[in-house]
Amino acid sequence: MLRIVSWNINGIRSPLQGVVCQETSNSTSMAMRRILDELDADIVCLQETKVTRDVLTEPLAIVEGYNSYFSFSRSRSGYSGVATFCKDSATPVAAEEGLSGLFATQNGDVGCYGNTDEFTQEELRALDSEGRALLTQHKIRTWEGKERTLTLINVYCPHADPGKPERLTFKMRFYRLLQIRAEALLAAGSHVIILGDLNTAHRRIDHCDAVNLVRVPLVSGLLPDCNSIHSASQCVLGPRGSFFCE
């Protein structure tokens, strides 16, 4: 059985401070290994890592017994970012940054992008430039012993700032791109798990500050046929085509 953990870490270096002090070698790598081991998961998906490539140190990224994958914000430092740590026993067969394919390296990519003609190239690049999505693809066996492909989409979805209406549009377009990618992977025969911080409450009762939530109706053309996204639809949309924005 594959054990997967998702954690909005609010800065990947934050939980290391206390752990490093307890390590006799004062090693960041050993501290990170200790945290991952205590989570007791085959795959750990982190959101809001708040590191960029230029400040990511080797001890933080290279942890014995794990393979790590990072997506960084290209627009702001100390902002957003996701990371996925996989035990050696759960090493993915493919990994890729972003949803659009624009950052694909053509070597070991996940593929299956779907039809993104409704987006401009500039829009796709903007949606993927904040370090909000990582895909890892794994080979698994079902209870019947059959080998199948599983794609994990680790996301840190955008926050909708009430004072910046353009960010709501950005958020909705990110959801739409996520839907297209997930549907393309499903159509190709892969199992798909979308996990992470969706920044959306399904119902008011699901949020700690329900009084101040903003109810946003389904906007025509932004998320058509959302029920077809299967695993993500109930997280993104509430009853009658609406959701509560964070």
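When I call a residue buried today, I mean that its relative accessible area is under 20%. Keep that cut-off in mind, because Thr 149 comes in at 16% and so counts as buried. And one word of caution before we go on: what you see above is a predicted model.

Let's stay with Thr 149 for a moment. You can find Thr 149 in strand β7. Its side chain makes a polar contact with the side chain of Lys 139, at 2.9 Å. If we set aside neighbours within four places in sequence, Thr 149 is in contact with Gln 137, His 138, Lys 139, Ser 190 and His 191.

Now let's step back to the whole chain. How many helices and strands does the protein chain have? There are six helices and eleven strands. The chain has 246 residues, and 51% of them count as buried. Its accessible surface comes to about 12,300 Å², with 50% of that belonging to carbon and sulfur atoms. If you take the contacts with a separation of 6 or more, 71% of them are between residues 24 or more positions apart.

So what sits inside? The largest nonpolar core has 23 residues, and those touching the most other members are Leu 99, Ile 153, Val 155, Phe 174 and Ile 194. Two or more residues each come from α4 (121-128), β6 (133-141), β7 (147-156), α5 (165-187) and β8 (191-197). Which of these gives the most? That is α5, with nine residues. There is also another core, lying apart from this one, with 18 residues, including Met 32, Ala 41, Ala 61 and Phe 72.

Next, a closer look at α5. At 1.5 Å a residue, its 23 residues should span 33 Å, and the end C-alpha atoms are 34 Å apart, which agrees. Just after α5 comes Gly 189, with a positive phi of about 100 degrees.

Helix α4 packs against α5 through its buried residues. Which residues of α4 are buried? They are Leu 124, Leu 127 and Asp 128. Looking down the axis of α4, these buried residues fall within an arc of 90 degrees, so they line one face of the helix. Here is the general idea behind that: an α-helix has 3.6 residues a turn, so residues three or four places apart point the same way.

Leaving aside neighbours within four places in sequence, Arg 125 is in contact with Leu 102 and Phe 103. Phe 103 is 22 residues away along the chain, and the two C-alpha atoms are separated by 8.6 Å.

Let's move to helix α2, residues 28-39. This helix has twelve residues and reaches 17 Å from its first C-alpha to its last, close to the 16 Å expected. Its buried residues are Ser 29, Ala 31, Met 32, Ile 35 and Leu 36. Seen down the axis of α2, they fall within an arc of 165 degrees, so here too the buried residues line one face of the helix. After α2 comes Asp 40, whose phi is positive, near 55 degrees.

Apart from neighbours within four places in sequence, Ser 29 is in contact with Pro 59, Ile 62 and Val 63. Its C-alpha atom is separated by 7.9 Å from that of Glu 64, which is 35 residues apart from Ser 29 along the chain.

Let me finish with two loop residues. Ser 80 sits in the loop between β3 (66-71) and β4 (82-87). Its phi is near 60 degrees, a positive value in a residue other than glycine, and at 2% relative accessibility Ser 80 counts as buried. Asn 199 lies in the loop between β8 and β9 (200-201). Asn 199 is not a glycine either, and has a positive phi of about 55 degrees. Asn 199 is buried, with a relative accessible area of 8%.

Note on methods. Residues numbered from 1 in each chain as written. Predicted model: local features only at pLDDT ≥ 70, side-chain atom pairs only at ≥ 80, totals over all residues. Heavy atoms only, no water. Core = buried A, V, L, I, M, F, W, Y, C linked by side-chain atoms within 4.5 Å. Buried < 20%, exposed > 50% of the residue type's maximum accessible area, 1.4 Å probe, protein only. Helix = DSSP H or I, 4+ residues; strand = E, 2+ residues; numbered from the N terminus. Contact = heavy atoms within 4.5 Å. Areas by Shrake-Rupley, 256 points an atom, 1.4 Å probe, with all protein chains shown as cover. Expected span 1.5 Å × (residues − 1). Arc of directions from axis to C-beta. Polar contact = N/O pair within 3.5 Å; in protein donor to acceptor, adjacent residues only side chain to side chain.
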